[in-house]
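Colleague: I have a model open and a few things to check. Can you go through them with me?

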Amino acid sequence: MSETPSSPAAPSAFYRAPPPRQRPPWRTWLWIGVAIVVAILAAVLLTPHPDQHARGRGGAGGGAGGGAGGRGIPTVVGTATAVKGDIPITLGALGTVTPEATVTVQSQIAGTLETVNFREGQMVKKGQLLAEVDTRPYVVALAQAEGALARDQATLANAELDLKRYQTLAKQDSVSGQTVDTQAALVKQDEGTVKTDQANIASAKLNLTYCHIIAPVSGRVGLRQVDPGNYITSGLASGVVVITEIDPIDIVFTLPEDNVPQVQARVAQGVTLPVTALDRTGAITLAQGSLLTLDNQIDTSTGTVKAKARFANPNGMLFPNQFVNVNLLVNTLKDAVIVPTQAVRHGSKGDYVFTVSSAEDDFTGQSHTVAKMVMVKLGPSDGDRTSIATGLVAGDQVITDGGDRLTDGATILLPGHIPSMPHVKKPVGFFDWIAGLFGHKPDQTAAAGGSGAGAASSGGGASDAGGSTAGAGGGGGQGGGGRMQAMFAQLDLTPDQQAKIKAIRDAAQASGDRSGMREKIADVLTPAQKAKLAQLRAAAQSGAQSGDSSAAPASGTPTAPGVGMPPSPVAPPPSAPDSAAAPAPQAPAGGPGGHGGGGGGARGAMMAMLTDDQKAKVKAIIDAAKASGDFSGVREKIAAILTPEQKAKLAAMRAAQAAGGDQ
């Protein structure tokens, strides 16, 4: 039986070797990608991070003062000096103005009201005629009483004559004694009748007097309650008018029962305690008076006692039932150590203040100003002043502003002092290290110049209307944007402030409208930061005018991380050289060296004096020049839309720039 080729026992001549294996292309690209990633990671790890370098410098400067208050970045603070003085010990209370007398004027007779002799709101004197009631009925009643008196007087006279006759006849035994006694009684009866008539006359005269309504007290009359022509009676509830005595006037207020012994002790010494009445806000002084008396018992429901103070009120500043704030001066603390209230801080261990002290750096041996925490015991306060019982002496400098960011021993910067910015050596990066392997050293001067130009560009120093940013070199770094970038690096901005300023800058760049950007940024800064920025700008301006570059911050100063600073929150002075440059551009952006960083200041100075319509026209002219690439005639077009006054200001700015250049 013959073997077939497909059988297992077939000869080796029929065996075929498998084809060679090939590497898939994706594996090759995968390894190339891994190699690239490894190279990038090595470059990142071998390149020193600027923030780490800065933190290293801050750590070398000092321990507890790190962060915002560390030795690397001092905190700008406001200070005040502890002084000796008198501080009043006062008690505050709420009071109500109460008139000394309030009288409702009533009519004491019935009748028709004929006349009203006062004006509503008029000041009247005691005894002044206010109104009159119809007197005719009471005149008639008086006449009747007088007639009855005359009749009864005649009857009395006749009776008296008869009595005399009877008495004579009785002596002659001509009449009986009974007749004499009867006549004498008749005389007495007539005398009583005459007295009654006299009383009736007095009553009628009194009624006539009551017809004239007079003021019972001096004071201010209110609104009239009854009009002339109405019939009034003595039982009228509302009366004719209400009179309120307002000079002098009283204020009733309450004091806590804990303060009663203190006040009583001063009153027992015979001291007149001054009282000041303030308006509802406590800002305006209405009147000055004195304590009159305390009530005779404490209200158990509130734990207070009523007190009354009397005030002279000739001008009517205190109005009846008016709500006022009352300050009762109980005593005055003499020769106390006084500091501003905002300098006092409260912690878990008690009250404390930060004082200004000096310390020597452990590494450099240089002396610097630091904040020292001092525990104090507080005394009485008077508004924005607080007395210190123990812990301070007169002459100590205390920190009033910026204390929230301080710790004990933190480095601080006093107002008016500009910190010296040490030179920071540029860290050697990975690519510089690679270049060093081949014998090439990085150009530190060029790097510093590039840094300054970059700061000017990122800070917004170059503008649509001012000069060239590219090619400016080191000069660009010394312009408005570079200077402001360096100044902002010293303001100790918080992350929230950095984010807000960056948002304002981004919004201005997106809209192309920078008007109002400086004011918005100024609103973000604290008063201490504004003061420090003004000092830095003043120093930079004086340094630029005198030709001393050390007065201005270095262009290579590190900026706050993550923030592209705008040129300045405040328009630079027209006399500064960097703000006096011509507003019109001389060359397109990126052209050969123009004005450098000074363009931003010049544009800001010019834009600050333009109206919104002029700003829109200037922007349109510059945009058209950018689109065409032809900047010839831009200066003349911008000058054409200016007013004569603006042209004069622009000429003055150019003259100031020329003078600064000569210096």
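Colleague: How many aromatic pairs does a search of the whole structure find?

Modeller: One, counting rings of Phe, Tyr and Trp (its six-membered ring) with centres within 6.5 Å. This is a predicted model: local features need pLDDT of at least 70, side-chain atom pairs count only at pLDDT 80 or more, and totals for chains, interfaces and linings use all residues. Residues are numbered from 1 along each chain as its sequence is written, and side-chain values use heavy atoms, without hydrogens and water.

Colleague: Which rings, and are they stacked or edge-to-face?

Modeller: Tyr352 and Phe354, with centres 5.7 Å apart and planes at 85°, so the pair is edge-to-face. Planes under 30 degrees apart count as stacked, over 60 as edge-to-face and the rest as tilted.

Colleague: Are Tyr352 and Phe354 buried or exposed?

Modeller: Both Tyr352 and Phe354 are buried (under 20% relative accessible area, with a 1.4 Å probe and protein chains only).

Colleague: Switching to helices. At what angle do α3 and α4 pack?

Modeller: About 165°, with the axes of α3 (residues 136-171) and α4 (residues 177-210) 8 Å apart. That makes α3 roughly antiparallel to α4 (an angle over 145 degrees).

Colleague: What is in the contact of α3 with α4?

Modeller: Its residues divide into 20 nonpolar, nine polar and eight charged, with Gly counted as polar.

Colleague: Last one: how do β18 and β19 pair, parallel or antiparallel?

Modeller: Antiparallel, over four bridges, between residues 377-382 and residues 385-390; strands pair if DSSP finds at least two bridges. Asp382 has Arg385 of β19 as its bridge partner.

Colleague: And what about the turn between β18 and β19?

Modeller: The two strands form a hairpin with two residues between them, and Gly383 in the turn has a positive phi of about 65°.

Technical notes
Axes are lines fitted to C-alpha atoms, for helices over the stretch in contact, and angles run from 0 to 180 degrees between N-to-C directions. Angles under 35 degrees count as roughly parallel, over 145 as roughly antiparallel, 65 to 115 as roughly perpendicular and the rest as oblique. Buried means under 20% relative accessible area, exposed over 50%, partly exposed in between (1.4 Å probe, protein chains only).
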